[in-house]
Amino acid sequence: MAVKAVHVSDVPHPNLDHQQQQLALSSPRGFANTVDNRKEGGEREGEETIGSITKFVVMGHRGSGMNMLQSPDPRMKSLKENSLLSFNAAAKLPLDFIEFDVQVTKDDCPVIFHDNFIFTQQQGVLVEKRVTDLTLQELLSYGPQKDESNLGQGVGKPLFRKTKDGRVFEWKVEQDDCFCTLEEAFNKVESPVGFNIELKFDDQLVYTKQQLTHSLDVILKVVHEHAGDRRIMFSSFQPDAAQLMRKLQQKYHVFFLTNGGSEIYTDTRRNSLEEAIHVCLEGGLQGIVSEVKAIFRNPGAIARIKEAKLSLFTYGQLNNVGEVVYMQHLMGVEGVIVDLVDEITRAISDNDSDKKVDQLRKFQRNTTLPPQFSKEELSFLLNLMPQLMVNH
């Protein structure tokens, strides 16, 4: 049975006024680069650090936000995700990092693309290819084409996308762009915005250590040659890849991505925040990036993550709601990955804590097309908020 969506602007606001004086919510270029909050005996030689975290960190999801082609919200189809256009639009905002997904092509080129498969249509028939089975040139033949004459963009193979529930949409956005490589991102995305490089692997495949090492080495070669002084962090849902990346290099921090049990996997390390903590401690990782609903379901995990001297960020659609972002800051979450980058950065950019709640409420009132959430999601969040406020 379909559930009618509810606008977030119709939701009553929790009383945050008594918390106003306790913190200032701000995000001007995030991490302090001097102290690693996992170490007590000083820095490892040659290591670049991104904690301890002194400001609330905001990261742009796939640049200026992911594309949800099935969404009625035009903001989710504004700029092509994971593109130079989207990255540079995000870099103009007071963001700390942009997050993007990196895979390695058949001819060993790290490219920025989220999905495991890419789709086109030939004579009316949908054709799918695994991204890692394509060469760079084969991948670049999809979608808009670079025009070396600078007179515009050519047209490649029509691009389609399949959602998790099997629906297929033509990949149309308001402002389109070509696919790009990791090297191009380093060379063409404006500084000082940092890169959160998600190491993308297929959940349905089993990888050998040799396969993982090869892909990570290819990625690291580009990073070492082109990163310069740009702030870098790595993240991955693949626990072996995350731990291996930490073994292969000590310069940049590595975070473990988890949905905290929202989906169950054969690999039990992916099924809870407790397992995520264990993965990090076992592999010497610096932090966890959790689906936001897992944190609200299990707020006590935040204290355990802090006790383990790990950093904590979140991702998920609820992070596109200003009050949810503010609530996480009160709870001790150190940063968020968001899609509505412009709206959320404006909502939290004011350093005056006396204006914070009014600003967030104004953000909601002025948002004409907020993300859609089911009644169950909103009920879950609203029922939990009073308890979180009491326990803070």
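In this predicted model, F237 is buried, as is Y315, where buried denotes under 20% relative accessible area with a 1.4 Å probe and protein chains only, exposed denotes over 50%, and partly exposed lies in between. Residues are numbered from 1 along each chain as its sequence is written, and local features need pLDDT of at least 70, side-chain atom pairs count only at pLDDT 80 or more, and totals for chains, interfaces and linings use all residues. Side-chain values use heavy atoms, with hydrogens and water left out.

Nine aromatic pairs are found in the structure; rings of Phe, Tyr and Trp (its six-membered ring) pair if their centres lie within 6.5 Å, and planes under 30 degrees apart count as stacked, over 60 as edge-to-face and the rest as tilted. Among them, F113 and W171 form a tilted pair, at 6.1 Å centre to centre and with 50 degrees between the planes. This pair links distant parts of the chain, since F113 lies in the loop between β4 (110-112) and β5 (117-122) and W171 in the loop between β10 (168-170) and β11 (180-181), 58 residues apart; strands are DSSP runs (E, at least two residues) and helices likewise (H or I, at least four), numbered from the N terminus. Both F113 and W171 are buried.

The pair of F237 and Y315 is edge-to-face, with 5.9 Å centre to centre and 90 degrees between the planes. Because F237 lies in the loop between β13 (232-236) and α5 (239-248), and Y315 in strand β16 (residues 311-315), this pair ties together parts that are 78 residues apart in sequence. Ring pairs also link F87, F100, F186 and F195 into a cluster.
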